[in-house]
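Take a look at the model below. Then read on for a short tour of its open space and its charged pairs.

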Amino acid sequence: MTKNITLAVEEDVLQKVRRYAAANNTTVNALVRDLFGKIAERSSKSDKAWDALFRATDAEAPEVGEITWTRDDLYDR
């Protein structure tokens, strides 16, 4: 389902984008929709990459034995 949004864009920027869209046989709407889609996809890929990194880190976490020392043992006082 698509949703309509309202954007505020400088007039000179909009004119240049309209010319670009016309020269590339598309619309400003299609350009914005494509850009938003790419941003969302990139964000999703980034989230998946971070999740994979955390899973790998958790899987490779070293096992730590029982702590048999105290803080005072670590420092000469």
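The model is predicted, so local features need pLDDT of at least 70 and side-chain atom pairs pLDDT 80 or more, while totals for linings use all residues. Residues are numbered from 1 along each chain, and side-chain values use heavy atoms, without hydrogens or water.

**Pocket.** A pocket is an open set of points on a 1 Å grid where a 1.4 Å probe fits, with protein on both sides within 12 Å along at least five of seven lines; lining residues have an atom within 4 Å of a point. The largest pocket has a volume of about 410 Å³, meaning the space filled by probe spheres set on the points. Its lining has 13 residues, and I5, L7, N29, V32 and R33 lie nearest the centre. Helix α2 gives the most, 5 residues.

**Salt bridges.** A salt bridge puts a side-chain nitrogen of Lys or Arg within 4 Å of a carboxyl oxygen of Asp or Glu. The count is 2.

| Pair | Closest N and O atoms |
|---|---|
| D34 and K38 | 3.3 Å |
| E41 and K45 | 3.3 Å |

D34 and K38 are 4 residues apart in helix α2, so about one helical turn separates them. E41 and K45 also lie in α2, 4 residues apart, about one turn of the helix.

How open are these side chains? Buried means under 20% relative accessible area, exposed over 50%, and partly exposed in between (1.4 Å probe, protein chains only). D34 is partly exposed at 41%, and K38 is partly exposed at 47%. E41 is partly exposed at 44%, whereas K45 is exposed at 53%.

Note on methods
Helix = DSSP H or I, 4+ residues; strand = E, 2+ residues; numbered from the N terminus.
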